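Subject: Structure handover

Hello,

Here is the structure for your files. My notes on it follow below the entry.

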Amino acid sequence: DEVSKLQSNCSSSISRHRINAHDVKTLDEIKEHIKARPNTFFEMEAFLPKKNGLYLNLVLGNVSVTLLSKQSKFAYKDEYEKFKLYLTVILLLFAFMCYFFVSYRFVDAILNFLLVWYYCTLTIRESILISNGSRIKGWWVFHHYVSAFLSGVMLTWPDGYLYQNFRNQFLAFSLYQSMVHCMQYYYQSGCLYRLRTLGERHNMDLTVEGFQSWMWQGLTFLLPFLFFGHFWQLYNGLSLFRMARLPDCKEWQVSMCGISFLILFMGNFLTTVAVVRTKLKSKDQAKPKGQ
């Protein structure tokens with residue numbers, strides 16, 4: 001009869017909806033598995049022995065730097081982060097002392113030697129971390145090589161009128177840069193810990209002296225401090241080029257430092273702008289069309 005037909009139709013419709021709901025649930029699970037696959041493969045690949053790059057071969061020779069357990073990888077990454085923080089604090093205090101209390105060239109030379117050693121050590125440690133699965137963007141590695149070169153040139157700059165003219169500007173910049181790096185470490189490490197707990201970041205991801213896409217949620221307040229530092233690098237470069245045009249300028253260090261500061265400005269500024277532009281574009285695409 002009619003009632004039985006309606007009942008059977010309702011039952012079959014409910015069954016179909018149950019099957020569809022189960023299919024949707026299965027599809028969501030498959031999508032989650034697909035999303036997790038690249039990270040799984042990346043972690044597996046990180047444990048495979050790798051050949052050292054050219055830089056590590058030059059510094060360490062053909063010695064394997066692949067760490068064979070998650071604990072040792074994470075411990076090395078943690079040591080790297082602590083090294084950066086401790087040295088940044090020491091450099092901040094040293095720059096503060098040179099700017100306000102001490103004006104001897106040999107004390108400035110100690111500060112510049114510390115900077116050379118710090119940046120050279122960072123490049124070696126970062127190369128080892130990259131071999132062990134850390135994903136560090138190209139510029140944030142390369143800018144440490146430029147900074148090491150700049151510090152080396154500053155170390156060899158002889159005392160004189162031009163050096164003394166630029167000295168306080170450089171020390172003030174070093175002070176500001178160290179303070180911003182301390183801020184970045186404090187906030188980035190907290191943000192990374194939260195994202196790793198949520199499974200959104202890899203365990204070997206590092207803090208950087210710049211801005212990356214994962215910092216968009218919660219760390220955009222750092223952008224004004226970063227952009228101010230970038231434009232200070234531009235100002236340093238232009239000041240040095242003005243010095244290089246003076247008739248009594250004989251030191252090659254003036255133009256070399258100017259070129260280094262301009263390279264740092266362009267790399268830092270363009271990389272940060274590219275990250276912000278990409279995030280704003282993806283944010284606009286994620287908005288519903290009606291808004």
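A crossing is called left-handed if the near helix is turned anticlockwise from the far one by less than a right angle, and right-handed if it is turned clockwise. By that definition, the crossing of α3 and α4 is left-handed. Please note that this is a predicted model.

Overall content

The protein chain has eight helices and zero strands. Along the sequence the pattern therefore reads α-α-α-α-α-α-α-α, with helices numbered from the N terminus. The protein chain has 291 residues, of which 40% count as buried.

Helix packing

Helix α3 covers residues 70-100, and its axis lies 11 Å from that of α4, at an angle of about 165°. Angles over 145 degrees count as roughly antiparallel, and α3 and α4 are therefore roughly antiparallel to each other. The residues in the contact of α3 with α4 comprise 20 nonpolar, two polar and six charged.

Helix α4 (residues 105-131) also packs on helix α5 (residues 138-156), with the axes 8 Å apart and an angle of about 155°. That angle makes α4 roughly antiparallel to α5. The crossing of α4 and α5 is left-handed. In the contact of α4 with α5, the residues divide into 14 nonpolar, seven polar and two charged.

Aromatic pairs

How many aromatic pairs does the structure hold? The count is 22. A pair of aromatic rings is described by the distance of the centres and the angle of the planes.

One of the pairs is formed by Y118 and Y119, with 5.1 Å centre to centre and 55° between the planes, which is classed as tilted. Y118 has a relative accessible area of 2% and is buried. Y119 also counts as buried, at 6% relative accessibility. The cut-off behind both assignments is a relative accessible area under 20%.

Another pair is F231 with F269, at 5.4 Å centre to centre and 65° between the planes, and this pair is edge-to-face. It links distant parts of the chain: F231 belongs to helix α7 (residues 223-244) and F269 to helix α8 (residues 252-286), and they are 38 residues apart.

Charges over rings

A second case is R125, which lies over the face of F83 at 4.4 Å from the ring centre.

A contact across the sequence

L162 is found in helix α6 (residues 161-197). L162 is buried, with a relative accessible area of 3%. How far apart are L162 and M243 in sequence and in space? They are separated by 81 residues in sequence, and their C-alpha atoms are 7.3 Å apart.

Regards

How values were computed
Residues are numbered from 1 along each chain as its sequence is written. This is a predicted model: local features need pLDDT of at least 70, side-chain atom pairs count only at pLDDT 80 or more; totals for chains, interfaces and linings use all residues. Side-chain values use heavy atoms; hydrogens and water are left out. Axes are lines fitted to C-alpha atoms, for helices over the stretch in contact, and angles run from 0 to 180 degrees between N-to-C directions. Helices (H or I, at least four residues) and strands (E, at least two) are DSSP runs, numbered from the N terminus. Angles under 35 degrees count as roughly parallel, over 145 as roughly antiparallel, 65 to 115 as roughly perpendicular and the rest as oblique. Ala, Val, Leu, Ile, Met, Phe, Trp, Tyr, Cys and Pro count as nonpolar, Asp, Glu, Lys and Arg as charged, and the others, Gly among them, as polar. Rings of Phe, Tyr and Trp (its six-membered ring) pair if their centres lie within 6.5 Å; planes under 30 degrees apart count as stacked, over 60 as edge-to-face and the rest as tilted. Buried means under 20% relative accessible area, exposed over 50%, partly exposed in between (1.4 Å probe, protein chains only). A charge sits over a ring if NZ of Lys or CZ of Arg is within 6 Å of the ring centre and within 35 degrees of the ring normal.
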